[in-house]
Amino acid sequence: MTTRIIGTGRCLPETVVTNDYLSTIMDTSDEWISSRTGIKERRIVKNETTASMSAEAARQAMEDAGVTAEEIDLIIVGTLTGDYITPSTACEVQAAIGAVNAMAFDVNAACTGFIVALNTAHLYIQAGIYRTALVIGAETLSKIMDWNDRSTCVLFGDGAGAAIVRSNEKGIMSFVQGADGAKGLSLACKDRANNNPLVQNPKDLNYTAMNGQEVYKFAVTKVPECIHQVLEDANLTTDDIKYFILHQANIRIINSVAKRLKVSEDKFPISLDHCGNVSAASVPILLDEVNKNGLLQKGDKIVISGFGGGLTWGADIIEW
Ligand code: ACO
């Protein structure tokens, strides 16, 4: 037995922020952003929260799967931008959708968050502990951006994607995941500093900082490497794969991965043009777009892959 995705959903904030709008509030341009990244616009929250977007994506995934809230045994949210340090976003979602029988917790593996959440649910399911899980990737990255730093804030967006997964004979065929903490500071956002009666630190607000070129080099070598590994483990080749659904960081990374794998760019669906980089939410949002556009038939094999902060990476092969 393995774990199958039986329904998907997504929720994006209402407000669209275009490159042209950004160029009215900072020294940037649509030309700079789109030529280097492929991003044309992103959604940014006004009233939405990580939990509210997660719950809406979850409701859609439940409807798509034909599963009730009571049937869900486990909720895992991949996020680094929850609304609270505690309770977890997963516990907020549990309350919002009424999944009273579910255990709920978050994982933080940055842009690999949905992949790690999915694999964690898969292992619980394979172990026979749970049967049905709700797996979510959700972010409100706009709140950890320095809106005076044009080199980072133009890249990211907000949103959530969800999948209902269940024990089945078909589904996840292989997965790999890994981390290299020694390179962690190439993409980082610091939390509060130590602050207690013995040590006082200034209450600085900390924002995301990135060494873009280092992250680029990491992504274009590690992603093809881990995709080759999952293909080998499943005894498949790139020809067997219908779509490669990658974390949507940057069109240049995706095109370079396609080239290194010797696969046509047509097999790499894109959402970064209208969503920007939504970290853990990128993969499930794109997966839902592909699913709802009717592009997947039963039996199709797809690769999903995430990579980013940590540094972390992961990939799965899934039979639809
Ligand atoms: N608008 C206009 N100019 C800008 C902007 C902007 N938004 N941001 C930076 N610049 C300027 C810089 O100030 C610099 O100017 P200077 O030469 O006068 O000093 C110039 O553009 C080049 O800056 P770089 O940071 O060197 O830009 P680079 O060509 O490396 O492109 C980018 C930046 C697109 C982020 C690139 O490094 C990249 O593709 N990195 C891959 C990693 C990535 O996409 N990360 C996203 C998140 S990570 C993840 O999800 C895994």
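How far is an oxygen atom of the ligand from an N or O atom in the side chain of R150? The distance is 2.9 Å. That is a polar contact, here a pair of N or O atoms within 3.5 Å; within protein, one must be able to donate a hydrogen and the other to accept it, and residues adjacent in sequence count only if both atoms are side-chain atoms.

Before I go on, a word on the source. This is a predicted model, in which local features need pLDDT of at least 70 and side-chain atom pairs count only at pLDDT 80 or more, while totals for chains, interfaces and linings use all residues. Residues are numbered from 1 along each chain as its sequence is written, and side-chain values use heavy atoms, with hydrogens and water left out.

Back to the ligand. It is surrounded by 24 residues, and the closest are T28, R150, H247, N250 and N277; a residue counts here if one of its heavy atoms lies within 4 Å. H247 has a polar side-chain atom 2.8 Å from an oxygen atom of the ligand. For R36, the distance from a polar side-chain atom to a ligand oxygen is 3.5 Å. The ligand taken alone exposes 1000 Å², and the protein buries 72% of that; the areas come from the Shrake-Rupley method with a 1.4 Å probe.

Next, a sheet. Four strands form an open, mixed sheet in the order β8-β13-β12-β11. Strands are DSSP runs of E with at least two residues, helices are runs of H or I with at least four, and both are numbered from the N terminus. Two strands pair if DSSP finds at least two bridges between them. β8 (172–179) and β11 (243–246) are the edge strands, each pairing on one side only. β8 runs antiparallel to β13 (residues 312–319), joined by 7 bridges, and Q177 stands opposite G314 in β13.

Helix α7 (residues 212–233) lies across β8, β11, β12 and β13, at about 35 degrees to β13. Angles run from 0 to 180 degrees between N-to-C directions, with axes fitted to C-alpha atoms, for helices over the stretch in contact. Contact means heavy atoms within 4.5 Å.

Is S174 buried or exposed? S174 is buried, because its relative accessible area is 8%; buried means under 20%, exposed over 50%, and partly exposed in between, with protein chains only. A polar atom of the S174 side chain lies 2.8 Å from the backbone oxygen of V230. Leaving aside neighbours within four places in sequence, S174 touches V230, D233, A234, A315, D316 and I317.

Definitions and conventions:
Buried means under 20% relative accessible area, exposed over 50%, partly exposed in between (1.4 Å probe, protein chains only).
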